[in-house]
Amino acid sequence: MEFMLFNSVWTLLVLAYIGLVPMYVSRYYHRQAGLALKWITTIFWFAGSIALAAFWGAPRCYGNNYCNTVEAACAFGFFLWLLFSFITFVDTVDYLRGAKAQPAAAV
């Protein structure tokens, strides 16, 4: 459970880097670093979701609400892994094709 909390905080930091840094301080954004962070985040979500599912196993809730919370955390973990897998795949294909990053619009 603690690793899933770490994944959430880590993901917020990664999203801040890949989402906000190119818009406001683009000279500090490196495309390869952003791609590496996406790969690491994808691996973290997969590992955390698998670990939570393996630790919890087939639940026997017996009316316990905590059981539903863990099941939801596991489902959302796999959903976020799938989402980051798609984003990472698209960005990796774009990077390998040699597409240049679009400069951020000046505000």
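The model is predicted: local features need pLDDT of at least 70, side-chain atom pairs count only at pLDDT 80 or more, and totals for chains, interfaces and linings use all residues. Numbering runs from 1 along each chain as its sequence is written, and side-chain values use heavy atoms, without hydrogens and water.

**Helix α1**
- Helix α1 spans residues 2-19; helices are DSSP runs of H or I, at least four residues, numbered from the N terminus.
- Its 18 residues should span 26 Å at 1.5 Å a residue, and the end C-alpha atoms are 25 Å apart, which agrees.
- The buried residues (under 20% relative accessible area, 1.4 Å probe, protein chains only) in α1 are M4, N7, T11, V14 and Y17.
- They cover an arc of only 130° around the axis, so they sit on the same side of α1; the arc uses directions from the helix axis to the C-beta atoms.
- Facing away from that buried side are E2, L5, L12 and L13, which are exposed (over 50%).

**Aromatic contacts**
- There are eight aromatic pairs (ring centres of Phe, Tyr or the six-membered ring of Trp within 6.5 Å).
- Y17 and Y29 form a tilted pair, 5.3 Å centre to centre with 35° between the planes; stacked is under 30 degrees, edge-to-face over 60 and tilted the rest.
- Y17 lies in α1 and Y29 in the loop between α2 (21-24) and α3 (31-56), twelve residues apart.
- Y17 counts as buried because its relative accessibility is 18%.
- F3, F6, W10 and F44 make one aromatic cluster.

**Surface**
- I87, in helix α4 (residues 65-96), counts as partly exposed at 34% relative accessibility (between 20% and 50%).

How values were computed
Helices (H or I, at least four residues) and strands (E, at least two) are DSSP runs, numbered from the N terminus. The expected span of a helix is 1.5 Å times one less than its number of residues.
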